[in-house]
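Please look over the sequence and the structure before reading on.

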Amino acid sequence: MLILEDSPYRELRFEGGQLPTLASLDTEGRVIHLGSFSKILAPGVRLGWVSAAPEILDKLSLLKLAADTQSSPLNMTAVTRFLSTLDIDATEFMADHALPEARVAYVPGGSFFPSEQRSNYARFSYSGQSDDEMVEALTRLGAILRSHI
Ligand SMILES: Cc1ncc(COP(=O)(O)O)c(C=O)c1O
């Protein structure tokens, strides 16, 4: 059984903190989580996101293509530009959370941009670690990122 978590309003509330998504409790890849920028960015932008197991995402992509060919490139560009202004400062996040809470280090990506300053990038060294160590480190970092963003 699959569960469709159609959740365009979860970021909107009058009081109380955020509740966990069903997807965050899913240990078997059963939950397809949907969100919408229409409710948090601009009404009618008609763009959203889906988070699901890779094999489900592949099928959903084909269905979306068959249903409407493509979302508006203008809207997608505008939302992408907006999203690129959020996220995190990777230098501060490493000092405040990644190192103390996840015990994971990375190289903040800002210094790799020659002209414009971009603080929300990180570079990971993967040549000296085993696959298992990388999976462990990124799983820990992912959990910390999810709990702070
Ligand atoms: C429960 C629910 N899901 C999905 C949507 C679709 O949102 P949109 O197409 O505006 O991104 C709506 C819109 O009102 C909704 O109420």
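## A loop residue to begin with

Is T69 buried or exposed? In this predicted model, T69 has a relative accessible area of 60%. Residues over 50% are classed as exposed, and T69 is therefore exposed. T69 lies in the loop that links α2 (54–68) to α3 (73–84).

The backbone of T69 also deserves attention. Most residues other than glycine have a negative phi. T69 is not a glycine, yet its phi is positive, at about 65°.

## A further positive phi

R103 also has a positive phi, of about 55°, although R103 is not a glycine. Its place is in the loop between α4 (90–102) and β4 (107–108).

## Overall architecture

The protein contains five helices and five strands. Read from the N terminus, these elements follow the order β-α-β-β-α-α-α-β-β-α. The C-alpha trace spans about 45 × 40 × 40 Å along its principal axes.

The protein has 149 residues, of which 23% count as buried. Its accessible surface is about 11,000 Å², and carbon and sulfur atoms contribute 58% of that area. Among contacts with a separation of 6 or more, 47% are between residues 24 or more positions apart.

## The ligand and its surroundings

Which residues surround the ligand? They are D6, P8, Y9, S36, S38, K39 and R46. By class, this shell consists of two nonpolar, two polar and three charged residues.

For S36, a polar side-chain atom is 2.5 Å from a ligand oxygen. For Y9, the distance from a polar side-chain atom to an oxygen atom of the ligand is 2.7 Å. In the side chain of K39, an N or O atom lies 3.0 Å from an oxygen atom of the ligand. On its own the ligand has 400 Å² of accessible area, and the protein covers 61% of it.

## Aromatic pairs

How many aromatic pairs does the protein have? The count comes to three. One of them joins F113 and Y121, with 5.0 Å from centre to centre and 65° between the planes. Planes over 60 degrees apart count as edge-to-face, so the pair of F113 and Y121 belongs to that class.

Both members of this pair can also be described by their accessibility. F113 has a relative accessible area of 22% and is partly exposed. Y121 is partly exposed as well, at 38% relative accessibility.

## A loop glycine and a separation in space

G44 is located in the loop between β2 (31–36) and β3 (48–51). What is the relative accessibility of G44? The value is 49%, and G44 counts as partly exposed, because only residues over 50% are classed as exposed.

G44 can also be set against S115. In sequence the two are 71 residues apart, and in space 35 Å lie between their C-alpha atoms.

Technical notes. Residues are numbered from 1 along each chain as its sequence is written. This is a predicted model: local features need pLDDT of at least 70, side-chain atom pairs count only at pLDDT 80 or more; totals for chains, interfaces and linings use all residues. Side-chain values use heavy atoms; hydrogens and water are left out. A residue is near a molecule or strand if one of its heavy atoms lies within 4 Å of it. A polar contact is a pair of N or O atoms within 3.5 Å; within protein, one must be able to donate a hydrogen and the other to accept it, and residues adjacent in sequence count only if both atoms are side-chain atoms. Accessible areas come from the Shrake-Rupley method with a 1.4 Å probe; for residues, only the protein chains shown count as cover. Ala, Val, Leu, Ile, Met, Phe, Trp, Tyr, Cys and Pro count as nonpolar, Asp, Glu, Lys and Arg as charged, and the others, Gly among them, as polar. Helices (H or I, at least four residues) and strands (E, at least two) are DSSP runs, numbered from the N terminus. Buried means under 20% relative accessible area, exposed over 50%, partly exposed in between (1.4 Å probe, protein chains only). Contact means heavy atoms within 4.5 Å. Rings of Phe, Tyr and Trp (its six-membered ring) pair if their centres lie within 6.5 Å; planes under 30 degrees apart count as stacked, over 60 as edge-to-face and the rest as tilted.
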